[in-house]
Amino acid sequence: MSRTDTPQKKPVTPEQVAKVMAHAVATGDFVNFRFIFAPFSPLRNDSTESLDHPKYAYLLPDNEKNSVFEQALAVVSSPEVLNHVMAQLEKKGPAQYPWQPLLLLADNAVRLGKFTMASQAYELLRIRRRMQELYLEMGDEAIRQGNVSRGVLAYRVACGLDYDYAAFPEPLPAVPNYQHTALILHGDFPETPEQALPLRPEPELVRTGLVYLSGNAEIAGRLDAFDHEIRRAVLAEWIRTADGAWSDFAARYREAIRMVDAYNRRVREIIENVGPHAVEMALDPETARLPIQAQVLLSGRTDEHQEWWQCLKELAATHPGGALFVTRAVVAGNREVLLPCYRSDSPLAEMVGLADTKVETRAVV
Amino acid sequence: MEISRTEITEERKNHYLLEIARLNAAFYILRDRERCEKYLADRREVMALEEEWRAHADDPQQSDQLRRKFDQALRHFLSTYMEELMLEAGRDPECVECSNWDAAHERHASRVLRHYRQRLYQIIHERLPYYDITAPRIDWEERKETARATLDVLSAASGAPASERGAL
């Protein structure tokens, strides 16, 4: 095709720009917002990219008749904002974003749970830390008033707005990395039952759990101002609400407990009747497999050959709170596995629906 | 290899590493007259560039160029003195003798120093005129109301079935 045959791009109208920006603002999409001003953006008249191309359909709203989009469109269409945006799209070099839509975008992103988008927008507005503090203050206020679920929600939003200044090469929004932190929690093999994380004194477990789930020791430390019972309730609420499929996991966990209990009872019988040296020989293959099946239930996978740390990573990524109620143990066949474990004298396991009243589980052989 | 014999929290370890690294760097710079003068000259230059940019912040012609110049100088200053030199000081025999700094400290410190450098950049950045966005006019009473309303929306959503909840 010769140069003269190249189809001419239609000039981009302010209405199109407003619609695209309003859609990014309404959906709390910081990436699309920045893309509007990119050198190759289809909204720039000097770019060869065209907004009419189907590949850019995602930049336009599917439904313009919703209140969030209409509010965003009203903000973007104000002469002050739209004139500034159009001038920036004509300008060569880095664009200066208008603050009004950016603030609305950040608020919408928080409402939609897009915390990394929100934190980037707030960071650009230089109000991220103050917004974080605002949510933490509201969380403290709600907890003081006895509304633990609202308090936990506010704390979770504040944690979602956290930033990692040690990220390489540039600071980035901090994101949960439970599969990594859970490995650190269980890094040392428990030589005695008391060393197992779930069997440590409850105040210690609660503090560890709050630091682990919040991913920020400073934020978790604010909760030290409350009584232990309140902090325990906060942890239980956090565990339940941070995981949409917690009840399914709890059912699997209780099933795993029953398996481990059956295994423990059989091992105890052998030790009492014959002696510890006979455990390996006297165990029938079906009972010997019970701890492995329990580990499979915890991880949610069907693979029986996974190592304990693989299961832990699976567990922490899918059900972060679950990593606080498991321990490492060596079972028949000299195999190290991950097993369910909780303090029977602590109400925490019951509060999160993990306790099975029919069995007595403390330590595992 | 761990750097302490007793178990300490991550925060305390980071704080300890940063303090030792800062003391090492101070000793390393102050001990050598030439290095000390260069440090002070570089510091003065960055401060002068900041002043120059601030003075022309409203002038669109000069502002962008001055800002870039300042930003480049600031990043260079921070990476040289708040990261590289701190690690270099940890390899100096006298610093090692006084602080017992070793390879294990250096390995742990690289993330801590990067955090320190980027945090300092952020603190400086926050006091500068706005250039990447238009200067915001934040009404903190309105912010409080927005945060309250957001929590109401999220509370209502958290009562909804998991499939409708999104990230929460």
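**Reading helices, a hairpin and a chain contact**

There is a kink of about 30° in α3(B), centred on Thr80(B), where the bend at a residue is the angle between axes fitted to the seven residues ending there and the seven starting there. This is a predicted model, in which local features need pLDDT of at least 70 and side-chain atom pairs count only at pLDDT 80 or more, while totals for chains, interfaces and linings use all residues. Residues are numbered from 1 along each chain as its sequence is written, and chains are lettered from A and ligands numbered from 1 in the order in which they are written.

Me: What span does helix α3 of chain B reach from its first C-alpha to its last?

Reply: Helices are DSSP runs of H or I with at least four residues, strands are runs of E with at least two, and both are numbered from the N terminus. The expected span of a helix is 1.5 Å times one less than its number of residues. Helix α3 of chain B, residues 60-89, has 30 residues and reaches 42 Å, close to the 44 Å expected.

Me: Which residues of α3(B) are buried, and which helices do they pack against?

Reply: A residue is buried if 20 or more other C-beta atoms, placed from the backbone, lie within 10 Å of its own, exposed if 12 or fewer, and partly exposed in between. An α-helix has 3.6 residues a turn, so residues three or four places apart point the same way. The buried residues of α3(B) include Arg67(B), Phe70(B), Phe77(B) and Glu83(B), and the buried set packs against α1 (10-31), α2 (33-55), α4 (93-99) and α5 (103-127) of chain B. Of the 168 residues of chain B, 18% count as buried.

Me: How many bridges join β3 and β4 of chain A?

Reply: Two strands pair if DSSP finds at least two bridges between them. Strand β3 (residues 326-331) and strand β4 (residues 335-340) of chain A run antiparallel and are joined by six bridges, with Val331(A) partnered by Arg335(A) in β4(A). The two strands form a hairpin with three residues between them, and Gly333(A) in the turn has a positive phi of about 90°.

Conventions:
Two residues are in contact if their C-beta atoms, placed from the backbone, lie within 7 Å.
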